[in-house]
Amino acid sequence: MKYTSDSLTDLTRTLLKGFGCDDEEADIVADHLVLANLSGHDSHGVGMLPMYGLQVLGGNLVPNQAPDLFDPIGAITCVDAKRGFGHHMALKSLDHAMKTIPEHKVAILGMRNSGHVSRIGTYSEYCASKGYVSLHMVNVVGHDSIVAPHGSRESAISTNPISMAMAVGNKAHPMLDMATSTVAFGKARVAHNKGVEMPDGCLIDRDGVPTNTPGPMVENRDGALTAFGEHKGSGLGLFVELFAGALVSRDTASTAEHMPHGAINALFSVILDPAAFDDVSAYEERTNDFYDYIKRLKPAQGTEEVLMPGEPEIRNREERKANGIEVDEETIRQLLEIGGEFKLASSNLEALLVKA
Ligand code: NAD
């Protein structure tokens, strides 16, 4: 069933307030999750709410947290997010870290001990909207590992995403936002909820044999997601663990405590002022020229058009804003169920949904 994005925002905000978030936090998290759906990343949209609710109930995720924003050392700023809602904590941390840019032309942020920060592209887009170029890496601990490094049949790390974006004024920002697993875990959850198989190459079973069936992995962490791009993508995922985990956080997947429904993110960000390199308009022109140069390439056989990273998100936003966001029945059932855990009546929640 397709629903309007506005009505999903209303439902999400209501659930978050039921979890204990104040108005500001509920707005930030609801906007983040619905924008993830609009961008085509249903893995990191409203379907995350049941997990957040369980984390709040378990005491692993804390509404309305005030992060410890430490004083910068040079251009490096550390933050302890104290298990607050990551969407909110990350924006506060970035704003705090970016105060070093006027003096140093660079801000480096290490935010540890955060609740789930969800779609990492949110943060590279946020920096781009302020005129900065940025790179972000996130590791995930607190739950059983889910990604098998290249050459292993056992999972050892999580889906450790990376995002980066260029800032180009009012034009579309080139923006890469990807898990270092072949697909994000949430895509296996969405496939399982819809009762469909996963594409080839995304999953292995407990014996290391490729499989397309997400159920055992999603329900029992039986089996693993594959790292993308064999040894190269796997190496990138391991280095995300080292940068965000060993360097920034106090934990990597090898040391972290496993909690029921836990997901602790650490964020390593590098934010640059392009004015330190050249005249900003010259840099923007080069970036836009390069964008157009890639767009002029002849498509490969079976491909209609060459896309720049970030273009699928922009197109999905236009299409889904106009035609609604598909949310499967199982996900809606889970949303109503978690609402019930917080004494929110299903009928009141359902009444917020508007079919597109
Ligand atoms: P994906 O594979 O759908 O897209 C990855 C990137 O490729 C995007 O930047 C997209 O613009 C680009 N892209 C897609 N198709 C393209 C094409 N045909 N041509 C050119 N570029 C193209 O994304 P994913 O790896 O499944 O990740 C999904 C989401 O999961 C991301 O938003 C990520 O931040 C999020 N994530 C979050 C966590 C966390 O713990 N917070 C962990 C893992 C992933």
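Me: Which backbone atom of I120 lies by an oxygen atom of the ligand, and at what distance?
Reply: A backbone N or O atom of I120 sits 2.9 Å from a ligand oxygen. That is a polar contact, meaning a pair of N or O atoms within 3.5 Å; within protein, one must be able to donate a hydrogen and the other to accept it, and residues adjacent in sequence count only if both atoms are side-chain atoms.

Me: What about E313 and H44?
Reply: E313 has a polar side-chain atom 2.6 Å from an oxygen of the ligand. For H44, a polar side-chain atom is 3.1 Å from a ligand oxygen.

Me: How much of the ligand does the protein bury?
Reply: Alone, the ligand exposes 870 Å², and the protein buries 78% of that. Areas come from the Shrake-Rupley method with a 1.4 Å probe; for residues, only the protein chains shown count as cover.

Me: Where do these numbers come from?
Reply: This is a predicted model; local features need pLDDT of at least 70, side-chain atom pairs count only at pLDDT 80 or more, and totals for chains, interfaces and linings use all residues. Residues are numbered from 1 along each chain as its sequence is written, and side-chain values use heavy atoms, with hydrogens and water left out.

Me: How many residues surround the ligand?
Reply: 23, and the closest are D177, A179, K187, G310 and E313. Here, near means a heavy atom within 4 Å.

Me: Which element gives the most to that shell?
Reply: Strand β8, with 4 residues. Strands (E, at least two residues) and helices (H or I, at least four) are DSSP runs, numbered from the N terminus.

Me: New topic. Is S118 buried or exposed?
Reply: Buried, with a relative accessible area of 5%. Buried means under 20%, exposed over 50%, partly exposed in between (1.4 Å probe, protein chains only). S118 has a positive phi near 60°, though not a glycine. Its place is the loop between β4 (106-114) and α6 (121-129).

Me: And what is the phi of N64?
Reply: About 55°, positive, and N64 is not a glycine either. N64 is partly exposed, at 35%.

Me: How many cavities of 30 Å³ or more are there?
Reply: The search finds 2. On a 1 Å grid over the protein atoms alone, a cavity is a set of points where a 1.4 Å probe fits but cannot get out; lining residues have an atom within 4 Å of a point. Points join across faces, edges and corners, and volume is the space filled by probe spheres set on them.

Me: What is the volume of the largest?
Reply: About 110 Å³. Helix α7 (residues 185-194) gives the largest share of its lining, 3 residues.

Key
On a 1 Å grid over the protein atoms alone, a cavity is a set of points where a 1.4 Å probe fits but cannot get out, and a pocket is an open set with protein on both sides within 12 Å along at least five of seven lines; lining residues have an atom within 4 Å of a point.
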